[in-house]
Amino acid sequence: MRATLRPLHQGLMLTAALAAPIAQAQTASKAADPAAEVNVFIGTTNEGNEFPGAVLPFGMVGFSPEQVPMEGNKFPTLTNGYEWNATLMRGFSMTHMMGGGCQGASGDIPFMPVTIPIDQSPELASSVKRYTSSFSHDRETALPGKYKVAMDNGVTVDLGATLRTGSARFSFPADKPANLMIRASASEVGSGDAYVEIDAAKRTVKGWVASGNFCGQQPQRQVSYYKLHFIAEFDQPFAVGGTWENDSVRPGTTTAKGGTGYGKVLPVGKGSGGWISFDPRAAKAVNMRVGISYVDEAGASANLAAENPAGTTLEQVQQRGRASWNEMLGRIAIKGGGKDERTVFYTALYHSLIHPTLLSDVDGRYSGFDKQIHRVSKFQKAQYGNYSGWDVYRSQVQLVTLVDPRVGSDFAQSLLNQADQNGGVWDRWTHITGATQVMNGDPAPPTVAAIHAFGGTMFDHKSAYASLLKAATVPTALDLRKDGPKNGLGQRPGLDLWLQHNYMPVGSPVWGAAATTLEYAAADFGVSELARQAGDTANVAKFRARAGWWRNQFNPKATPEGGYIQQRNADGSWPAFQPGTGDGFVEGSAAQYLWMMPFDPAGLFEILGGTETARKRLDRYFQNDKGEWVVTSTDDGPNAREKAGRLHPELGNEPSIGQPWLYNFLGEPWKTQAIVRTAQRQIWTNAPNGISGNDDLGQMSSWYVFSALGFYPLYPGRSELVIGSPLFPEAVIRRPGGATITIRGSGAALAAPYVTGLTYGGKPWSKSWLPADFIAKGGVLAFQLSGTPNKAWGAGAGDVPPSFGPGSVK
């Protein structure tokens, strides 16, 4: 989704200053503890929407703060619960999404320790800040698998997580009431229903919340589509405080039921929860263990018993969490580089490996899109959810599969399972067990093809291909509907128009008809890759040809300076046009979308009038009038997003992120290297605002990881890599049960982005791309790097990466 950038300092210039290397620490990697190099607070402002709490790789639980929105916040809630500039804590909830956009989702079952009596309903408008506490960042710490804050109400909260459970320690002051609120209905964007039950004799609190309402804005999304069950066990006695329902507080009662409802602004006066009270003299350290399940109470209890049984300490959970992160992060071991560069890298890797989200319980059961209980298939070990398809098909699923082919395979199978349970529809953006119809295009084919290409082959490829082939060929009733939301209701809204016109005309039931033409072209390219993987040569050719239909959206006479992808009427005519317009596009402009052609750059250059014309236009796109590299449309002026002024790339958002590598196809990879390094220096920093905007479930972070390693998976659904330049002197990727990839960068430095030479497997390599089998076989890449470009490297006719236009079948 959209990334919103802060104003930034000027980009890297093509001057002698670029050649001057900067001093960098060349200390060896702390290979045993890369988690220590992660700054979980990166991306917690500037609309990065990251959360800092305790979570494991791909974990179901994300135990993290929920805060009160600041005055003037964009939404009535804080997306994903946390904002660096917010000052009030309202709870610590069990589920979160990393870097999602819009109003958010999840944030289920907040627990809030307070030191005042519960004498009025927390659901009242007058209670918004009553049961909160301020805090300061100097009393807040976090690392992967651990979060701790000492709040100003005197309570210290310390959190840890396993895959399906959370641990907490609440340290209350001895001279105040010690109450713990369980705000069962207070999910981030509301709830349809909720239930809480207190059992002091068993020292447990249990219940559930029914929620959903992804993004929380459009009426058709204001529904519940999942139920989260929880059971919390405590290590010391407590007294029943009471419960509340809506505006009524009921001291001494043990059950409550009711949701908040939904709306653009959450209804006031509705909801339910309860509280328990501890003896302040004995409440110096109250320990809680919580199991959750999307299936039932028994699942939550079994998850707790299996992963976090009685007697397990918070310290043990946190230590095991850190060990899990060290094992996962350690699969990419870097050496050298400055402290900030290392922190930004490992934080980006950390953010890239939080999603997809585990949905199945320890016994293999999970709740499906059909609201039935299922078990994982014979192909998989776990069921996953939270698929930000429009975002992650570009490079995040490739990174996940690179470091963990098992998870990649299970995610592909999970998407197939969800589609089978959803009437054959592979939704573009899934949240837990719900289809949201968010964004545009059909990202599932390139997603599944990419997972397979990167070694995630342990899923039912035959059934996935058959399902996606049908979805691309036969319009469904949902595809044909014209009365849905702006994103459309089906998997391929307006598929009939795509097949009739071979482009998406104005008035199509999609968000951004011109942009959707490019997305459907990428989707058809993904289908052709699935066909190639299945040995179906006829459909390889058919869908490669369909992938070339983007040419029908190109108006060669759009402007006197040259042609553009632009809106087109159903009768073939072209509406009025200017390159900075967003009309017909999604989170971008016509000037930006012109270059979103990741699988057939040669075809794009040809239609623009040849490589020399394309080179000049691409230079104008990436450079300002001073010849400086531009990596964000913020440089077009403060109102560029709202007005027709977005003439430069936005490397803080998905449509532009593959575009720097187009220079490789023009025989000028040195420009790719300069632009990528400019973005790394300008957009990505070791600070709370150090992400380019919405991280989109790790997609933007995965871009940084690949770019810092020195290559990028540009092609949708394929494993060839286009080469940039490595940021570190050495990086070693150890694939589980597979190849080892070693990247060495002699002379690597922040100010030395240029490749002056490269060997692959000990032999000179002048190509600016790597073959498909590199990912599977591995090998050693040895770069020679400098602050001065070698314009001859990668410039030969045989050095440019391949393009895959109509007629190609390889």
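How many bridges join E29 to strand E30, and in which direction do the two strands run? The legends below describe close-up views of a predicted model.

**View 1. Strands E29, E30 and E35 in an open sheet.** Two bridges join E29 to strand E30 (residues 721–723), and these two strands run antiparallel. The open sheet has three strands in the order E29-E30-E35, with antiparallel pairing. Strand E29 (711–712) and strand E35 (769–770) are the edge strands, each pairing on one side only. Tyrosine 712 has valine 722, in E30, as its bridge partner.

View 2. Leaving aside residues up to four places away in sequence, tyrosine 366 touches a set of residues including Val295, Leu359, His374, Arg375, Asn417 and Gln421. The side chains of tyrosine 366 and glutamine 421 are also joined by a polar contact of 3.0 Å. Alanine 200, by comparison, is 166 residues from tyrosine 366 in sequence and 30 Å away in space, C-alpha to C-alpha.

**View 3. Helix H9 and the helices against which its buried residues pack.** Helix H9 (residues 461–473) has 13 residues and reaches 18 Å from its first C-alpha to its last, close to the 18 Å expected at 1.5 Å a residue. The buried residues of H9 are His461, Ala464, Tyr465, Ser467, Leu468, Leu469, Ala471 and Ala472. An α-helix has 3.6 residues a turn, so residues three or four places apart point the same way. The buried residues of H9 pack against helix H7 (405–421), helix H8 (444–453), helix H11 (495–501), helix H12 (513–534) and helix H13 (537–547).

Notes: Residues are numbered from 1 along each chain as its sequence is written. This is a predicted model: local features need pLDDT of at least 70, side-chain atom pairs count only at pLDDT 80 or more; totals for chains, interfaces and linings use all residues. Side-chain values use heavy atoms; hydrogens and water are left out. Helices (H or I, at least four residues) and strands (E, at least two) are DSSP runs, numbered from the N terminus. The expected span of a helix is 1.5 Å times one less than its number of residues. Buried means under 20% relative accessible area, exposed over 50%, partly exposed in between (1.4 Å probe, protein chains only). Contact means heavy atoms within 4.5 Å. A polar contact is a pair of N or O atoms within 3.5 Å; within protein, one must be able to donate a hydrogen and the other to accept it, and residues adjacent in sequence count only if both atoms are side-chain atoms. Two strands pair if DSSP finds at least two bridges between them.
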